[in-house]
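Please look at the sequence and the model first.

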Amino acid sequence: MSHPIQILPSLLSCDFSRMGEDIAMLESAGTHMLHFDVMDGRFVPNISMGLPILEAVRKATSCHIDAHLMIVEPERYVEAFRDAGADSISIHQEASPHLHRTLSLIKSTGAQAGVVLNPGTPVSTLEDVLDLADFVLVMSVNPGFGGQKFIPGALHKVRQLDQLRSQRNLTYAIEIDGGVDHTNIADIATAGCDWFVAGSSVFRSESPATAVRGLHARACSGRQILA
Ligand code: DX5
Ligand code: ZN
């Protein structure tokens, strides 16, 4: 089962001094979901934004906020990110020895629960939690920074996840994050992806609103090839 195609602008790439205006502009361009990257300087080599900024974003928008936790011991912060306004929360397989328990914890808060795979981690490591996941996020760059180049091996993982979803009659959405732009988004959609995070390709373009609409159109054309 596939889900409606969504482009999720990654707020990591926005102009932080005008985040409210950027969000309003994206919303009027038809954005339904925003991606919020949390980095702790431990799990990844960079530090980004945390709870107070999420609270401010929550006040500024009615969009779905997708919190991507690139932090060690994510289980310690699940409830706090939910309280701060996240609608979905994803945790890394590599940071979560008790993956099953932490995904259940996320669901118990009422948020959608996602599990994330780094480029070096195979899909097979998720076999026993796929029935619990509301979505699976495939990293197509090594997490930590915006503006990196798409790693093509991610396409194979999206295909594998799409096949497993039909074989096992599961309903998780498939999300991709890192280096997504107008040159590769159609192929990623053809592979079976539903949600596309886009940072630089939206915020570094002349018109972010036009960029979001263009990415959405290309993703839809890629999905038609799949159908
Ligand atoms: C990377 C983050 C991404 C990042 C994507 O670690 O998880 O969400 O913002 O940015 P682009 O689209 O520029 O690769
Ligand atoms: Zn992310």
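This is a predicted model: local features need pLDDT of at least 70, side-chain atom pairs count only at pLDDT 80 or more; totals for chains, interfaces and linings use all residues.

Residues are numbered from 1 along each chain as its sequence is written, chains are lettered from A and ligands numbered from 1 in the order in which they are written, and side-chain values use heavy atoms, with hydrogens and water left out.

**Ligand site**

There are 20 residues around ligand 1, each with a heavy atom within 4 Å of the molecule. Ser10, Asp37, Gly144, Asp177 and Ser200 come nearest. By class, the shell holds 8 nonpolar, 10 polar and 2 charged residues. Here Ala, Val, Leu, Ile, Met, Phe, Trp, Tyr, Cys and Pro count as nonpolar, Asp, Glu, Lys and Arg as charged, and the others, Gly among them, as polar.

Strands E2 (33–39), E3 (64–70) and E8 (195–198) each give the shell at least two residues. E2 supplies the largest share, 3 residues. Strands (E, at least two residues) and helices (H or I, at least four) are DSSP runs, numbered from the N terminus.

| Side chain | Distance to an oxygen atom of ligand 1 |
|---|---|
| His68 | 3.3 Å |
| Asp177 | 2.7 Å |
| Ser200 | 2.4 Å |

The protein covers 99% of the 380 Å² of accessible area that ligand 1 has on its own. Areas come from the Shrake-Rupley method with a 1.4 Å probe.

**Two loop residues**

Phe43 lies in the loop between E2 and helix H2 (51–60). Beyond four places in sequence, Phe43 contacts Met70, Ile71, Val72, His92, Glu94, Ala95 and Asn118. Contact means heavy atoms within 4.5 Å. Phe43 and Leu69 are 26 residues apart in sequence, with their C-alpha atoms 9.5 Å apart.

Gln93 is in the loop between strand E4 (88–92) and helix H4 (99–108). Residues touched by Gln93, beyond four places in sequence, include Leu99, Val115 and Thr121.

Technical notes
A polar contact is a pair of N or O atoms within 3.5 Å; within protein, one must be able to donate a hydrogen and the other to accept it, and residues adjacent in sequence count only if both atoms are side-chain atoms.
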